[in-house]
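Please read each point with the coordinates open beside it.

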Amino acid sequence: MTDNLARIRDIALLLPGVTEDLHDGETWFLVEGEPFARVADGASGLHLCVADEGAAPHWTTIALTADSDWTLVEDRIARSWERVAPTELLEAGGR
């Protein structure tokens, strides 16, 4: 778990305005106080939840395994950040 969580941190904390918080045993990543990703350790292993596209806010869950596609994970984190980041941060360039 620690290695994958460290990789998620490395990706998420490079984005402008991001902070990390611990809430109910999960690691949350926020931009300007709005959550855009969280990491949960469940019975089946570590999962990354990202804010997904759509009319109503909801989360998409990605299981993190030894053979996870980290290019896809990085893209999903960045896209989730883009969904909730304020305009001034988007203009600063998220990726």
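This is a predicted model: local features need pLDDT of at least 70, side-chain atom pairs count only at pLDDT 80 or more; totals for chains, interfaces and linings use all residues.

How do the residues of the lining of the largest cavity divide into nonpolar, polar and charged?

1. **The cavity.** A search of the whole structure finds one cavity of 30 Å³ or more, and the space inside the largest cavity comes to about 30 Å³. Its lining is made up of Ala51, Asp52, Glu53, Arg76, Arg79, Ser80 and Arg83. In answer to the opening question, these residues divide into one nonpolar, one polar and five charged. Helix α2, which spans residues 70-84, gives the most to this lining, with four residues.

2. Arg76 belongs to the cavity lining and has its place in helix α2. Is Arg76 buried or exposed? Its relative accessible area is 15%, which is under the 20% limit, and Arg76 therefore counts as buried. Its side chain is joined to that of Asp52 by a polar contact of 3.4 Å, and Asp52 is itself one of the lining residues. Once neighbours within four places in sequence are set aside, the contacts of Arg76 are Val50, Asp52, Thr60 and Ile62.

3. With a relative accessible area of 13%, Ala51 is buried. Ala51 and Ala37 are 14 residues apart along the chain, and their C-alpha atoms are separated by 6.4 Å.

4. **The nonpolar core.** Which residues have the most contacts inside the largest nonpolar core? This core has 22 residues, and the ones with the most contacts inside it are Ile8, Phe29, Phe36, Leu48, Ile77 and Trp81. At least two residues of the core are supplied by each of α1 (2-12), β2 (26-31), β3 (34-42), β4 (45-51) and α2. As a general background, nonpolar side chains in soluble globular proteins tend to be buried together.

5. **Val73.** Val73 has its place in helix α2, and its relative accessibility of 1% means that Val73 counts as buried. Leaving aside neighbours within four places in sequence, Val73 is in contact with Ile8, Leu48 and Leu64. Of these, Ile8 and Leu48 are among the residues with the most contacts inside the core. Val73 and Ile8 are 65 residues apart along the chain, with their C-alpha atoms separated by 8.3 Å.

6. Asn4 is found in helix α1 and is buried, with a relative accessible area of 16%; apart from residues up to four places away in sequence, Asn4 touches Leu46, Leu64, Thr65 and Trp70. Pro35 lies in strand β3 and, at 26% relative accessibility, counts as partly exposed. The contacts of Pro35, with neighbours within four places in sequence left aside, are Trp28, Phe29, Leu30, Trp59 and Val84. Pro35 and Ala85 are 50 residues apart in sequence and 9.5 Å apart in space, C-alpha to C-alpha.

7. **Two loop residues with positive phi.** Asp24 is not a glycine, although it has a positive phi of about 50°, and its place is in the loop between β1 (18-23) and β2. Why does Asp24 count as exposed? Its relative accessibility is 70%, and exposed means over 50%, so Asp24 falls in that class. Glu32, in the loop between β2 and β3, likewise has a positive phi of about 50° without being a glycine, and Glu32 is exposed, with a relative accessible area of 52%.

Technical notes
Residues are numbered from 1 along each chain as its sequence is written. Side-chain values use heavy atoms; hydrogens and water are left out. On a 1 Å grid over the protein atoms alone, a cavity is a set of points where a 1.4 Å probe fits but cannot get out, and a pocket is an open set with protein on both sides within 12 Å along at least five of seven lines; lining residues have an atom within 4 Å of a point. Grid points are joined across faces, edges and corners, and a volume is the space filled by probe spheres set on the points. Ala, Val, Leu, Ile, Met, Phe, Trp, Tyr, Cys and Pro count as nonpolar, Asp, Glu, Lys and Arg as charged, and the others, Gly among them, as polar. Buried means under 20% relative accessible area, exposed over 50%, partly exposed in between (1.4 Å probe, protein chains only). A polar contact is a pair of N or O atoms within 3.5 Å; within protein, one must be able to donate a hydrogen and the other to accept it, and residues adjacent in sequence count only if both atoms are side-chain atoms. Contact means heavy atoms within 4.5 Å. A nonpolar core is a set of buried Ala, Val, Leu, Ile, Met, Phe, Trp, Tyr and Cys residues joined through side-chain atoms within 4.5 Å.
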